[in-house]
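Please look at the sequence and the model before reading on.

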Amino acid sequence: MLHFTKYSLQLLINHPEKGRRSYRQIFLSTVSKTSLNNNCSEIVSANTGFSISIYNVTSRNIYLRWSKFSGAFSYRITATPRNTVGHSLLAHFSDVPVIGILTSLTPNTVHTVKVEAIDKNGIILAEAQTKQLTAPEIPVIDQAYSKLSNSITVEWAAVPGATSYLLTAQDGESSIETIVINSPGTVTGLKANTLYKITIRSINAGGRSLPSPSKKAKTVLAAPVLSVSSPSYDSIVVSWGAVYMAVGFSVSIMRSDGLGSMMKENTTHTSLVFTSLDPGTLYTIKAHAWNINGIPGDDFTLNQITSPHAPSDVQVAFDSGTLRAIVSWIPTEGTLNYSVTASSGASKLNCSTSSTSCPLSSLQCGSEYSVYVVASNGAGSSKPTDAVSLKTVPCAPGSITIEEDNPGKLSVSWSNVDLGDYYVVFVKSDDGLEVHCNTSHTQCHFQSDCGFTYFISVFAYNKAGQSPLGDIFNYTTSPCCPSDFYPVFVSSDTVEIVWSPVRGAEIEIRGTNTSCVSKYVATAPCSPEIKNISQDDLSIISVHWQANNDDAIYTVTARGEVGLWHCTSSGNSCSITGLPCGSVFSISAVAITTAGQSLPSYNVPLETAPCCPNDLTVTQVMQSITNISWSFGAGAKTYITILESPKGPAKCHTLQNHCLLGCITCGTNYTVSLKVISETGLASDCTYQDYSSSACCPSGVKLYRLGNNGIRIYWHASAGLISTDLYGSKGNFTCTPPSGLSYCDVTEIPCGDVYTVVVSPVPEKGSKLPFCPKKIYSVTCSGSSVGMVIYRGKRSAE
C-alpha cells in the first residue's frame, strides 16, 4: 500500500504531472528528515541493470527508490513478510516518480521487497528485489525525572526486537541524544533547573522507530560550590555562591572517620560556621540547594581538616658548649608541621620539623629569647604556645687588663657582662701549674713568680652554663735577678759579666728588673797603638807603640801561618827574633794590668824577605852554555842568577827554578850568586860555591894517512888530557896521546868506511865532554890498504 499525504493525493488526482513532482519533493524531504542511520541498500537485476535501493526504515514504513527503466509505463512494488503470517502489500507507480513509501508494514519483521517495471501492455520488462527488516514498535515512556542537575532519567516498557534505545532531550534551544540498552536510561550533559521534552525511539538492525509521545521533565538545581576553611582549631567556615532558582540550602558535617555524630544546618544564606569541632580532625562537608517546591538539587561534597591545637608542655634545653638549644613539646592531633620561633629584640631564629623537637642553632650569647611553638596542617596554623623564656650563657668578658702591681702580685680585671651571675678566672703558668679565682666581682688577684709566663682566660657563668671562650691572654713577669755575677773578661771598653742563668731573662718581654743589686768593676787598659815596625835583621824586628796606660805590661805578638812569636815590655818598644824568612805576619799588641787585658791593637802586616833555595846546581850543556837549577825558596816570586868572572858577568831573570846562561868562557872560574825577590819586592841575596867551566875543545882537527892501515889524528895544542874517538860502521876506535902531544895515531883501521871523529878534553874528574864538535871523514881503500882520506864536513854535538 502506498502512503500519501492528503495534499499529495490531491495533486496526483487533479494535476498528475505536477502532483508527481510535488510528491517526489515531499518524499525526499521526508527521507532527509527521518533518516537516522543512512541505511541504504541497492539491488540490481543482473540481466537488465534495473535496481532498487532502501533509504530509510521505521517500524511500519520502508522508504525506497528504483532506477528508471526504458519502455516502462509503470512500476509495481510488493512487500511480503518472511517467516510470519501476513498479507503482501502492493503498490503501483507511474513511470514519473522513482521513489516511494511502503506503509502499514509489520514492525520488527523481515520483508521481501520487489520492484517490477511494466510496459503499457502490462508486460513485466524487468524486476529487482531486496530483503529489509522493519524497526521495532514505538516505545511508550512511563516516567521521566531528574535526580542530578545535569541529567534526566527515563523509564519505559521494553519493546520486542529492540536492541537499544535512542533518548532525546530538547529544551527549545538544543537537543541532546544518547543511546541506551534498556530501561531506565539517563540523558546527561543537560543544564541545571531547565525544562526538557523527552522522547524515545527503539532501534534494531533494520532501523529506528518513530519518536514516542513526549514527556516533560525538569532538571534539579545545581549544587552549591563550597569554599571551606578552618579559622581555629574547633571551627570550620563553609561558604558558597548563589545558586540559580534556589530558595534554601542544606549543609551537613561529620568526621570523615565516622566517629561522632553528624551536624546538619538549613539556611537561606550563603555561609555557615560549624563550631565545637575536634582540632586537627578531617571532616566531610556535604551541601545541596532546594527550589521553591522543596525539591533538593545536586550534592557537593568536600573534605576539610580543622586547624591543630597549639602544642603543650614546651621544654627548652640549652647546650652551652655549642650555643644551641633543643625545644621539645607534646604533639597535637592532625599536625603536619611544627614551627619554633625564638626572638630577642630584632633577632629571630626559626626551625621547622614534623617531629616533636627542633634545634635552635647560632644563638647569641648574653641574650634572653622568647620561644614559642606553632602547629600547622593544610587548614592553617594553631595559635602560638605561651612563650617560654630562654636565657643563653653570658658572653665572654671583655676589656681584660693584667697588671703586676708589685713583684709577685698579678691583678686581672674585666668588664661586666649581661646575664653573668659570677666569673671564673683561670691562670696557668708555663710549667703546667693552674690556679683559678671564683668571684661575683670584676677583679681577681694572684700570686706570681718572676720570669714566668702566665696564660689567663676569663669565663662568665649563669644558670645556662659557661660563656664561650674569649681571648686567651699571656703575661710574662719580670725576669729574676741573678744571685751571683762577676766580671770574667775586661777590655778597654767592654766588661764581660758572667752570671748564673735565671728564669725569664732570655725573653726580656717585660723589660728590665730594676730591683736587682748593682756591682762595680774596673775596666781593663786601653788598646795600644803601634807606631812603626823596623827590621833590624832578616830574622829580627823591632816594634814601637804609644804607651797610654799606667802600670801596664805590653805584649807584642807576630802571628803567621808558621806560628806565633812574642816579645814583652813595660816601655814603648820590644824586639822579636827568630822570625822565619819568606813569611807573612800580623803584628798586634795588648796591654795588661791587674784589671785585665785590653783589646788588641790594630793589626800591622809584616813580610820577611824570601828564603834562599837550599840547593843550586850548575851544569855545562854546551861549551859556551851553562844550565843553572835550584829548589823553590819560600816567599820567592822571581829569581836572578849571576855567573861572574874577571871577563864579565852572565845574568838570567826568571819565574822558574832554572835558567840557561850563554857566553860562557871555557876553562874559566866563575862566582855563582842567586837573588830571590818576593811578590812585594823584598829581596834576599844568596851566594853559592864557585863554578869552573870545562876545558876548551881542541880546534883544527885533521886526519892523515899513516902507512898502509893507520890514521893520524891531529889538532891544535890544548892543555890537559885529550881523548880522540872514531866511530864507523866497521868499528869504533879510541886513542889517548900522552900529555903535551897534539896528535894521536890509530893503526889497523879498516878502509872503505866513513868515520866520525871527536877530539875532546878529559876532565880530571868525570867523563869526557859530550859537546865538542864532530868531523866526518871518508877513508878509501887502495887495494887492501888505506887509500885517500877525504874530509866530508862536521856536525854539532848531539
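## Basis of the report

The model is predicted: local features need pLDDT of at least 70, side-chain atom pairs count only at pLDDT 80 or more, and totals for chains, interfaces and linings use all residues. Residues are numbered from 1 along each chain as its sequence is written, and side-chain values use heavy atoms, with hydrogens and water left out.

A disulfide here is a pair of cysteine sulfur atoms within 2.5 Å. By this rule the count comes to 12 disulfides.

## Cys581 and Cys611

The sulfur atoms of Cys581 and Cys611 are 1.6 Å apart, and the two residues form a disulfide. The torsion about their S-S bond is about 105°, so this disulfide is right-handed. The pair links distant parts of the chain, 30 residues apart: Cys581 is in the loop between β45 (573-577) and β46 (584-593), and Cys611 is in the loop between β48 (604-607) and β49 (616-622). Strands (E, at least two residues) are DSSP runs, numbered from the N terminus.

Are the two ends buried or exposed? Buried means under 20% relative accessible area, exposed over 50%, and partly exposed in between (1.4 Å probe, protein chains only). Cys581, at 31%, is partly exposed, whereas Cys611, at 13%, is buried.

## Cys697 and Cys772

Cys697 is joined to Cys772 by a disulfide with an S to S distance of 1.9 Å. The link of Cys697 and Cys772 is left-handed, with -85° about the S-S bond. Cys697 lies in the loop between β56 (691-692) and β57 (702-706), and Cys772 in the loop between β62 (753-762) and β63 (774-782), so the pair ties together parts that are 75 residues apart in sequence.

Cys697 is buried at 12% relative accessibility, and Cys772 is buried with a relative accessible area of 1%.

## Cys751 and Cys781

Another disulfide joins Cys751 to Cys781, S to S 1.8 Å. Its torsion is about 100°, so the disulfide is right-handed. Cys751 sits in the loop between β61 (743-747) and β62, while Cys781 is in strand β63; these distant parts of the chain are 30 residues apart.

Cys751 is buried, at 12%, and Cys781 is partly exposed, at 37%.

## Cys526

Cys526 is partly exposed, with a relative accessible area of 39%.

Note on methods: Helix = DSSP H or I, 4+ residues; strand = E, 2+ residues; numbered from the N terminus.
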